[in-house]
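Colleague: I am new to this structure and would like to learn how to read its features one at a time. Could you take me through them slowly?

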Amino acid sequence: MPRTRALSNHARSVLAVLLEAGTGWSHGYELCRLADVKSGTLYPLLIRLEAQGYLEAEWQQPAEGGRPPRHAYRLTQAGVQLARDNPPERKVAARSGLREVPT
């Protein structure tokens with residue numbers, strides 16, 4: 001039987017930001033800033049959510065020359081459902097300026 005763990009508030013905040021982005025792609029820096037999560041927490045979380053099928057990721061070429069490609073993320077349908085089922089706690093959402101997730 002697979003172990004089920006509750007999502008952390010960081011995971012819930014990142015999922016809420018990605019849910020607000022809709023079908024658009026989000027970059028790591030943007031996710032760090034909007035979800036109020038440090039990069040050392042964010043990237044392992046994104047890797048884990050992608051491995052579990054909740055996110056899709058791709059490398060995107062920069063619009064400006066001289067900049068490196070960036071990894072971008074967006075929710076899969078399973079990720080959208082996970083985000084809707086696990087909104088951030090109200091105090092975390094308020095601190096981050098996130099809207100409440102519609103159910």
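**Pocket, core and helix**

Modeller: The largest pocket has a volume of about 340 Å³. This is a predicted model, in which local features need pLDDT of at least 70 and side-chain atom pairs count only at pLDDT 80 or more, while totals for chains, interfaces and linings use all residues. Residues are numbered from 1 along each chain as its sequence is written, and side-chain values use heavy atoms, with hydrogens and water left out.

Colleague: How is a pocket defined, and which residues are closest to the centre of the largest pocket?

Modeller: On a 1 Å grid over the protein atoms alone, a pocket is an open set of points where a 1.4 Å probe fits, with protein on both sides within 12 Å along at least five of seven lines, and lining residues have an atom within 4 Å of a point. Grid points are joined across faces, edges and corners, and the volume is the space filled by probe spheres set on the points. Here 12 residues line the largest pocket, and the closest to its centre are Arg5, Ala6, Leu7, Arg48 and Gln52. The largest share of that lining, three residues, comes from α3.

Colleague: Which residues of α3 are buried?

Modeller: Buried means under 20% relative accessible area, exposed over 50%, and partly exposed in between (1.4 Å probe, protein chains only); helices (H or I, at least four residues) and strands (E, at least two) are DSSP runs, numbered from the N terminus. In α3 the buried residues are Leu42, Leu45, Leu46 and Leu49. They lie on the same side of α3 because they cover an arc of only 105° around the axis, the arc being that of the directions from the helix axis to the C-beta atoms. The face turned away from this buried side carries the exposed residues Gly40, Ile47 and Ala51.

Colleague: How many residues does the largest nonpolar core have?

Modeller: A nonpolar core is a set of buried Ala, Val, Leu, Ile, Met, Phe, Trp, Tyr and Cys residues joined through side-chain atoms within 4.5 Å. The largest one has 20 residues, and Leu31, Leu42 and Leu46 are among those with the most contacts inside it. The helix that gives the most to this core is α1, with six residues.
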